[in-house]
Amino acid sequence: MTTWLLAQTQTTQPSNLVWIAFASLVMGIAAGWLAAVMAAIIFRDVATSAQSWEFDEARRIRLRRDSVTYRCFEPLIDEIVNLRPLHVLGSIGQVRKSLLAAAVALPWTAEEFLGTKAIEALGVGLGVGLLLARGDFDTGATIVIALAAGLAYLRFSVGRLQTTARRRLQRFKQRLPFGIDLVALMMAAGSGFRESLATLVHESQQHPVGDEFGKLLRGLERGQSLRESLGHLQERLQDPDVKEMVFAVQKAEELGTPLSRVFFSMAEQMRLKRSQWLEKAAGKAQTMITFPGLLIMVACLLLVTAPFVIDAVQNSQF
């Protein structure tokens with residue numbers, strides 16, 4: 001075997017030796033990591049796992065039912081969650097905030113989400129590598145492209161989650177002043193706070209405002225205090241305007257100020273902020289459209305002057 005390796009090394013070009021060494025190193029690290037994970041799975045503490053499973057069973061059953069990757073690789077994902085390199089794949093805190101703000105249908109934890117997406121990224125990289133290996137691509141180029149494809153998929157998954165959270169929060173803030181107005185008007189007309197919230201939830205179905213205030217209302221119905229329910233709302237959205245609303249309601253509850261008056265004041269302030277935000281967005285859009293407008297003007301100018309330029313060039317040749 002040693003003689004064969006020496007012979008292959010002597011007949012291989014020096015430029016390919018680097019890629020062969022790199023590929024061997026990567027495969028060795030992957031094999032060692034896989035062996036360590038499998039050993040951890042085999043010798044893990046079953047009693048501790050069973051104890052934690054008792055309080056987490058419903059969530060895991062739903063993940064298994066709706067996520068094929070989690071259903072197939074659940075033990076491996078459990079071990080990946082405890083690995084320190086997981087934090088390299090993305091900011092755990094940022095992913096956790098995005099999961100809460102985006103109201104993802106599946107009950108992921110941030111670590112499980114990143115671990116699942118890492119396994120899917122590995123599958124994408126292997127698939128791309130196998131497709132390229134069937135062609136005439138160089139081994140080194142195949143490895144680099146496969147790694148790039150896996151990292152791109154992982155980055156795309158995290159970026160899509162953050163984009164979904166940002167858009168949902170934007171939709172929530174756009175309708176929030178009108179929702180607060182509705183609650184204030186109903187309370188001024190004699191309705192209770194919970195009844196006003198129930199009306200707001202009914203009028204805002206299939207909208208982030210209805211979803212978030214529906215969660216707040218369900219928390220109150222389960223016996224949570226208003227301060228605690230508002231704290232959960234603030235924790236889910238992590239937005240300065242929501243934080244200001246929560247602070248105002250909590251202070252009004254402490255001082256005995258009528259909530260209808262507080263809601264009217266907050267709605268007016270939020271409408272003012274919304275108009276300022278729209279003016280700022282319009283100014284930014286006007287600045288961003290300058291360059292495309294310049295390109296369109298140049299294109300129109302070329303369309304008008306091109307026939308004259310062509311005629312002048314053709315006449316100058318005779």
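Let's start with a term: helices (H or I, at least four residues) and strands (E, at least two) are DSSP runs, numbered from the N terminus. By that rule, the protein here has 13 helices and zero strands.

A quick word on where this comes from. This is a predicted model, where local features need pLDDT of at least 70, side-chain atom pairs count only at pLDDT 80 or more, and totals for chains, interfaces and linings use all residues. Residues are numbered from 1 along each chain as its sequence is written, and side-chain values use heavy atoms, with hydrogens and water left out.

Now, how much of the protein is buried? Of its 318 residues, 31% are; buried means under 20% relative accessible area, exposed over 50%, and partly exposed in between, with a 1.4 Å probe and protein chains only.

Let's look inside. A nonpolar core is a set of buried Ala, Val, Leu, Ile, Met, Phe, Trp, Tyr and Cys residues joined through side-chain atoms within 4.5 Å. The largest one has 30 residues, and F193, L197, F213, M245 and F263 touch the most other members. Helices α7 (139-188), α8 (193-203), α9 (208-221), α10 (226-237), α11 (240-255) and α12 (259-288) each supply at least two of its residues. Which helix gives the most? That is α7, with seven residues.

Take F213 as an example. Setting aside neighbours within four places in sequence, F213 is in contact (heavy atoms within 4.5 Å) with F172, L176, L197, L200, V201 and M245.

There is also a second, separate core of 18 residues, and among them are Y70, I92, L106 and L114.
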